[in-house]
Amino acid sequence: MLEDKFYKRGLFLIFGLGVILRVLLFFINPSLFADESALVINIYNKSFFELFGALDFLQASPVGFTIIVKSLISIFNPQSDYLRDLVLRIVPFISGMLALPAFYYLVRLIFKENRKAVLTSLFFLFFNPCVIYYCAQIKQYSTEMLVSIILLTFFYKMVCNKEYKWWYALIFAISPWFSYSSFFILAVGFLAVLISDRKLFIKSVIPVFLSCLIYYFVSLRFVFAETFLQMRAVWEVNLGFIDLHHPLRTLLRYGDSFANSKPISALSGFIFFAICLIYSFGREKYSKKLLFVLPIFLTLFASLLHKYAIQARLILFLMPLFAIAAASIRGRIADILKLVLALIMLYSIHSYDVEPSGNCYSYAREIVSYLEENIKDKDMILMDTTVNDYNMYLSKRNFNNKVVYLPVACFKKDLAECKQFIRELPEGDYYLLSLSYYVKELTEGFNTKDFEVGFKPKRTKVIYFEKR
């Protein structure tokens with residue numbers, strides 16, 4: 001057992017650095033990314049009632065989350081872009097911050113006086129680069145992870161400590177309204193309760209069933225009927241589903257939660273599954289294994305059935321379970337696996353959160369601010385059809401008569417069509433704003449000028465060109 005002074009210092013260091021990283025990223029407040037902007041446009045343009053239905057731009061977000069965010073925007077009504085983005089991110093940020101003490105409470109409940117296990121589990125959650133990243137993104141994933149921790153805490157008390165209070169059922173009942181992924185935890189949790197105590201299962205599951213029934217009729221059926229079918233088609237094109245014929249893809253999908261380069265992601269995915277399997281066949285009680293490993297394999301099974309995509313953000317809610325599994329296993333091989341993954345995570349924090357790459361963040365806010373100050377009367381703005389991040393910031397300015405839309409998104413497969421469209425444009429000076437990284441290829445043969453605005457990614461999405 002760790003000495004008391006080393007344990008307290010370890011807690012102070014982990015909590016301190018974990019909080020600092022999240023607070024810094026929140027106040028850096030980077031420009032909204034394309035997916036964030038798409039959700040924000042829905043939050044602004046739709047009424048509270050309309051948020052119960054399907055959202056536009058292939059967005060899906062629990063209605064409880066979107067209503068709270070819209071309420072905050074309505075209350076504060078921020079005028080500047082920076083403050084608006086900050087207010088939009090309050091809910092994910094608070095969720096991410098609350099997750100820290102909530103998870104500490106859970107691991108103390110599980111590991112009790114095993115201080116090394118407590119510190120290990122805290123490390124693997126607090127310094128996961130994706131967990132930090134989504135604290136400062138206006139998406140629901142940080143909130144879903146907090147819900148996951150809360151549900152695991154109450155199910156653990158019910159199954160392992162034989163403790164139950166009537167209001168647990170109310171927490172279970174409202175959780176799907178704030179987290180789609182909570183269905184995985186609820187399914188496994190109630191299975192564990194059913195095995196351990198059937199009477200308690202009946203008593204606690206009825207409010208959840210009624211809540212889910214109401215939720216389905218007022219919201220989920222519209223999401224399933226419209227958004228899910230379109231999103232499934234996108235996931236199939238983008239290889240979001242698991243295919244056993246391509247095991248490397250499976251490792252990459254789960255490994256993306258720890259790193260953002262393919263070789264390191266594949267290694268991370270291997271370690272992820274190795275730790276889960278070691279825990280599954282370890283000496284822990286079956287009730288613990290059920291709670292902390294089965295949801296992980298349930299997402300794998302759902303993805304094989306093409307019902308749930310595996311992407312870092314969509315499995316963020318699994319990271320507390322993995323952290324507990326990692327802290328529970330012992331042995332030389334287990335220690336080597338954990339050490340390697342810990343080093344990968346610390347390295348990845350830099351590329352995810354400290355010095356983000358162009359794949360992680362947009363710089364649309366800085367670009368639009370630059371245009372507002374520098375655009376000339378004769379200049380035009382040429383944009384992809386899918387650049388929601390630029391559209392959101394441009395909508396607050398009077399640029400409507402200057403914007404020309406390309407017929408398609410200028411990704412690699414559509415470059416020929418985009419080039420032809422640009423060739424047919426009238427002579428003039430244009431700012432090309434794209435979602436892809438092919439702006440230089442699209443403007444070959446023209447006089448061009450790179451932007452020096454915001455951070456400088458390896459490949460730019462924005463360029464100024466003169467067509468003569």
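1. Helix α19 spans residues 415-423, and its buried residues are L415, C418 and I422. Buried means under 20% relative accessible area, exposed over 50%, and partly exposed in between (1.4 Å probe, protein chains only). Helices (H or I, at least four residues) and strands (E, at least two) are DSSP runs, numbered from the N terminus. An α-helix has 3.6 residues a turn, so residues three or four places apart point the same way.

2. This is a predicted model, in which local features need pLDDT of at least 70 and side-chain atom pairs count only at pLDDT 80 or more, while totals for chains, interfaces and linings use all residues. Residues are numbered from 1 along each chain as its sequence is written, and side-chain values use heavy atoms, with hydrogens and water left out.

3. The buried residues of α19 pack against β1 (380-383), α20 (439-442) and β5 (462-467), where contact means heavy atoms within 4.5 Å. On the face turned away from the buried side, α19 carries the exposed residues A416 and R423.

4. C418 of α19 is also joined to C410 by a disulfide, S to S 2.3 Å. The structure holds 1 disulfide, the term being a pair of cysteine sulfur atoms within 2.5 Å. The torsion about the S-S bond of C410 and C418 is about -100 degrees, so this disulfide is left-handed. Both C410 and C418 are buried.

5. For C135, the closest cysteine sulfur is that of C130, 11 Å away and too far for a bond. C135 is buried, with a relative accessible area of 1%. C130 is buried as well, with a relative accessible area of 1%.

6. D389 lies in helix α18 (residues 388-394). With a relative accessible area of 3%, D389 is buried. Not counting residues up to four places away in sequence, D389 touches L32, F33, A34, S37, S362 and A364.

7. F209 sits in helix α11 (residues 198-237) and counts as exposed, because its relative accessibility is 54%. F209 belongs to a nonpolar surface patch with I202, I206, L210, L213, I214, Y216, F217, V218 and F224, with about 950 Å² of accessible area together.

Terms used:
Patch = residues over 30% accessible without salt bridge, like charges linked within 9 Å, V, L, I, M, F, W, Y side chains within 5 Å. Areas by Shrake-Rupley, 256 points an atom, 1.4 Å probe, with all protein chains shown as cover. Salt bridge = Lys/Arg side-chain N within 4 Å of Asp/Glu carboxyl O.
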